[in-house]
Amino acid sequence: MSRFLAASTNADLSKDGKQHDTISINYSSNRSAYGRIGVPFTVIRNGTGPTLLLLAGTHGDEYQGQIALRRLAKDIRPEAISGRLLILPSLNAPASYSDTRISPIDSANLFRSYAEPPTASPTPSIANFIKTELVGISDAIVDLHSGGTSLEFTACVMAFLSADESYNRRVLELGAAFGAPTLVLNHRPQPNPSSLVGIAHAAKIPMIATELGGGSLSRASDVTIGCEGVLRTMNHLGMASLEVEPAGRQRVLEAKSTNCFIYSETDGIFEPSVDIGQSVLAGQLVGYVHPLSSVVQDPVPLSFATSGTIICRRALARTLPGDCLFQVGAPEQAGA
Ligand SMILES: [Zn+2]
């Protein structure tokens with residue numbers, strides 16, 4: 001591409017074979033007046049067929065997907081597919097380099113930067129490139145996340161469901177094909193237009209996201225769930241017939257908007273007593289926060305107002321008021 005954009009690439013998306021390139025983001029700073037940031041971008045194409053957009057590293061401290069997509073970008077041979085893979089393993093590259101959730105340059109959360117002007121700063125420039133150059137040519141989107149430094153998730157695939165039933169069906173098929181142990185249904189009647197969910201919904205491109213563990217550790221088992229899920233998705237789309245373990249039975253949970261979170265109200269130390277993936281009852285003790293300001297004050301007991309399964313838990317013991325400590329998902333049969 002020769003256009004002067006805030007973001008551009010030299011990769012030829014119509015060329016067969018494998019190209020390891022970058023999306024180049026213009027970024028002028030005190031130390032580099034005409035500087036650029038390179039976002040890793042691999043294109044694998046063979047003839048005609050579906051296009052699958054694969055993203056990881058939207059948040060720089062989420063490692064599992066970044067490993068999985070690097071592995072797939074290296075291992076998948078063009079001859080093994082019919083169609084095109086667009087792979088961005090560390091989408092918010094500045095955040096990945098700095099080991100932070102949001103960009104250290106503009107403090108922006110890439111996942112919610114899709115409505116910002118593309119020239120505002122590097123993070124909206126990356127988002128705009130995805131939105132204008134890649135989403136529209138894709139048949140499906142898989143966006144790999146995990147809990148990052150502060151949260152740990154039970155390995156799951158997230159389906160964002162709107163009021164459009166035919167779109168929902170394609171999203172659910174994608175989530176079932178990916179085959180993570182848990183499928184979490186997020187009801188978004190009007191998806192946020194500044195998020196990738198909203199962009200995919202507006203373009204009617206089915207999209208799923210994952211949460212593959214989290215904390216400051218990247219377990220091999222979570223990376224494997226990511227790799228195998230992508231391979232199953234490719235087979236589902238008809239762009240490959242790759243050998244991969246069949247998905248096991250998926251547990252389906254509903255992420256409600258109310259009563260499903262516990263937030264800290266205390267400046268203290270978080271002591272969870274239940275694990276991610278564990279079922280809990282309404283009112284059951286699930287942990288404490290120990291106030292730091294007093295040695296005589298009783299610890300604050302924690303419990304949910306609703307029964308369900310622990311989807312995620314804070315991965316850091318030190319906690320402040322406003323920190324999310326837990327999220328619980330309700331069994332699907334509890335109703336939307
Ligand atoms: Zn994330």
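**Notebook: strand β6 and its surroundings**

I looked up the pairing of β6 and found that strand β4 (residues 51-56) runs parallel to β6, joined by five bridges. This is a predicted model, in which local features need pLDDT of at least 70 and side-chain atom pairs count only at pLDDT 80 or more, while totals for chains, interfaces and linings use all residues. Residues are numbered from 1 along each chain as its sequence is written. Helices (H or I, at least four residues) and strands (E, at least two) are DSSP runs numbered from the N terminus, and two strands pair if DSSP finds at least two bridges between them.

Opposite V142 of β6 I find L54. Strand β10 (residues 207-211) also pairs with β6, in the parallel sense, over five bridges. There I141 stands opposite M207.

Next I checked burial, where buried means 20 or more other C-beta atoms within 10 Å of a residue's own, exposed 12 or fewer, and partly exposed in between, with C-beta atoms placed from the backbone. Six of the six residues of β6 (residues 140-145) are buried, so the strand is largely enclosed by the rest of the structure. In a regular strand, side chains alternate between the two faces of the sheet. I list A140, V142 and L144 on one side of β6, and I141, D143 and H145 on the other, all buried.

I then turned to helix α5 (residues 196-203), where L196, V197, I199, A200 and H201 are buried. Their cover includes β6 and β10. Just after α5, I noted a positive phi of about 60° at K204.

Definitions and conventions. Two residues are in contact if their C-beta atoms, placed from the backbone, lie within 7 Å.
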